[in-house]
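Trainee: I would like a close look at one part of this model, with the whole chain as background. Please keep to what can be computed from the atoms.

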Amino acid sequence: MDKFRIILSVLCLGLFLEAGAQEGRLLKFTEPEQQVDTVRFDSGTVTLYYPFKNVSGKDVIILEVHSGCGCFTGETDKRTLAPGASAVLKASFNPATLHGAQNRHLTLVATDGTDTVFSSVSVTGFVLRDQTEGQIRFAEDLGRGLRTDVSVNALRRDDFYDYVFSIPLYNDSDEPVQLEVSASSGRIKLYAPQTLAPHSREDLRGEYNALWKRRGSEVLETLTIRVNGEQVAPLQIKGTIQ
């Protein structure tokens, strides 16, 4: 996970914790936690309703309905609530891109003119697919339960101007597997996992020695992979020396 995604995750977690701590200061939800039980990914959007009430002594304005993903979104039927007034948050849960257990949140940002408060609602459920999670995330089937995203991988230059590559390998089976990886030439130095646990991912990384290679020359290398001693589909490394 890169630095940006780590920071974003921390911010989202902080927003959710803050929402839980402030729940009920301005708005009170009748049923802030709801379930969709088990649905198929292709069953269409599920609509949920979250009634809430202004429990403060002032007018409350809904500033924003914040969603952490496009799969769970919502909008309120009112943007301004007088003291004691009620409204409904209409939410849409779309399972099309999801798989497995789900716990999704929406956060309402509201103000009474003095304080700004975050209130959270959630939906939980389980999404069924005809494909496994590995088939969804890693479309290329190498055989023997081993998967990756693409079979032809690009050679790139890192911050030190070395030629490198990184390939995700995913074990889609229920058993651990032993890996052996070899390259078609001695120019490639490999950093390969030796064992992959069931339903886990590790990256196969490598460096390409471009010494004495002419600028503009093309690189095409093949990686041979064995899973528990049996050869599976090869991977290719392509690039251009700059």
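Trainee: What percentage of the 242 residues in the protein chain do buried residues make up? For the close look, which residue does a disulfide join to cysteine 69?

Mentor: This is a predicted model, in which local features need pLDDT of at least 70 and side-chain atom pairs count only at pLDDT 80 or more, while totals for chains, interfaces and linings use all residues. Residues are numbered from 1 along each chain as its sequence is written, and side-chain values use heavy atoms, leaving out hydrogens and water.

Buried residues account for 35% of the 242 residues; buried means under 20% relative accessible area, exposed over 50%, and partly exposed in between, with a 1.4 Å probe and protein chains only. As background, the chain has two helices and 21 strands, taken as DSSP runs numbered from the N terminus (H or I, at least four residues, for helices; E, at least two, for strands). The chain is more spread out than a compact globule, because its radius of gyration is 25 Å, well over the 18 Å from the globule rule for 242 residues. That radius is taken over C-alpha atoms, and the rule is 2.2 Å times the number of residues to the power 0.38. Along the principal axes, the C-alpha atoms fill a box of roughly 75 × 40 × 25 Å. Of the contacts between residues at least 6 apart in sequence, 62% join residues at least 24 apart, where contact means heavy atoms within 4.5 Å.

Now the disulfide. Such a link is a pair of cysteine sulfur atoms within 2.5 Å, and the count by this rule is one. The partner of cysteine 69 is cysteine 71, with an S to S distance of 2.2 Å. The angle about the S-S bond is -70 degrees, and the link is left-handed. The two ends fall in separate accessibility classes: cysteine 69 is partly exposed at 22% relative accessibility, whereas cysteine 71 is buried at 6%.

Glutamate 218 is exposed, with a relative accessible area of 57%. Leaving aside residues up to four places away in sequence, glutamate 218 touches Lys213, Gly239 and Thr240.
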